[in-house]
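Subject: The structure I promised you

Hi,

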Amino acid sequence: MKKLLLLIIILCSIVLHSCNTVERDYQRLAGAKIEFPQSLIKVSGRDTMQYTPKVGNPIMLIYFDSATCGSCAISKLDMWDEVIDSTKLLSPSLEFIFLMSPSRAEYKKVLRDMMLNGTNYNIVLDRGGAFPAANKHLPQDRRFHSMLLNESHCVEVIGDPAYNPTIWELVKSKL
């Protein structure tokens, strides 16, 4: 009986700690300014160029960190087509950015896959991890890696509208 009670107490404390961590991560990111380092590279077909976001335009940022399988992420970009098409009428100036920060070992493979399969999307590559270094407030929890940024690049909405209808409605209301 004591072991069961101890197990329940441990499980409850884990759940409470997890909830506190999510709330803390959300509070730290909400309203924060996202910085775009000058070392970012935009991949357009087989060409690459330095990437600087347009000033004064809202941005839907979808970030893939080094723990994400880059090739897998590229193969699933078409899941965003409906959201991208729908927002063209709501906010023609909204820019979708798929920012990938692959590990050094995966960089060349991700770049090749981007050139071959990502031609319809605005894909930006962070080769040296400058993006997470410039945005230390960005949580490691992937649920916080999709966000709507306002014209000043401050976080307005956190979450993935391609998978969550509630987040999608919130994004539309902000546009």
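Predicted model: local features only at pLDDT ≥ 70, side-chain atom pairs only at ≥ 80, totals over all residues.

Let's start at the second largest pocket, where α3 supplies the largest share of the lining, 4 residues. A pocket here is an open set of points on a 1 Å grid over the protein atoms alone, with protein on both sides within 12 Å along at least five of seven lines, and lining residues have an atom within 4 Å of a point. The helix and strand names come from DSSP runs (helices are H or I with at least four residues, strands are E with at least two), numbered from the N terminus.

Residues are numbered from 1 along each chain as its sequence is written, and side-chain values use heavy atoms, leaving out hydrogens and water.

Back to that pocket. It holds about 160 Å³ of space; volumes are the space filled by probe spheres set on the grid points, which are joined across faces, edges and corners. Its lining includes Asp81, Lys88, Phe96, Phe98 and Tyr121, and the elements that give two or more residues to it are α3 and β4. By class the lining divides into 6 nonpolar, 4 polar and 2 charged residues, where Ala, Val, Leu, Ile, Met, Phe, Trp, Tyr, Cys and Pro count as nonpolar, Asp, Glu, Lys and Arg as charged, and the others, Gly among them, as polar.

The largest pocket has a volume of about 380 Å³. Of the 17 residues that line it, Ile62, Phe64, Arg142, Asp160 and Tyr163 lie nearest its centre. β3 gives the most to this lining, with 3 residues, and the class count is 9 nonpolar, 3 polar and 5 charged.

There is also 1 cavity of 30 Å³ or more, a cavity being a set of grid points where a 1.4 Å probe fits but cannot get out. Phe64, Met100 and Val110 are among the residues that line it.

Now the overall picture. The protein chain has 6 helices and 7 strands, in the order α-β-β-β-α-α-β-α-β-α-β-β-α. Of its 175 residues, 42% count as buried, meaning under 20% relative accessible area, with exposed over 50% and partly exposed in between (1.4 Å probe, protein chains only).

What sits in the middle of the largest nonpolar core, touching the most other members? Of its 27 residues, Trp80, Phe96, Phe98, Met100 and Met114 do. A nonpolar core is a set of buried Ala, Val, Leu, Ile, Met, Phe, Trp, Tyr and Cys residues joined through side-chain atoms within 4.5 Å. α4 gives the most to this core, with 5 residues. Apart from it lies another core of 18 residues, among them Ile59 and Leu138.

Some of those names come back in the aromatic pairs, of which there are 6. Rings of Phe, Tyr and Trp (its six-membered ring) pair if their centres lie within 6.5 Å, and planes under 30 degrees apart count as stacked, over 60 as edge-to-face and the rest as tilted. Trp80 and Phe96 are edge-to-face, 6.3 Å centre to centre with 65 degrees between the planes. Trp80 is in the loop between α2 and α3 and Phe96 is in strand β4, so this pair ties together parts 16 residues apart in sequence. Phe98 and Tyr121 are edge-to-face as well, at 5.8 Å and 85 degrees, and both are buried.

A disulfide (two cysteine sulfur atoms within 2.5 Å) joins Cys69 to Cys72, with S to S at 2.3 Å. The torsion about their S-S bond is about 70 degrees, so the disulfide is right-handed. Cys69 is partly exposed at 32% relative accessible area, and Cys72 is partly exposed at 36%.

His153, in the loop between β6 and β7, has a phi near 70 degrees, a positive value in a residue other than glycine. Ile34 is buried, with a relative accessible area of 1%, and its C-alpha atom is 6.3 Å from that of Asn135, 101 residues apart along the chain.

Cheers
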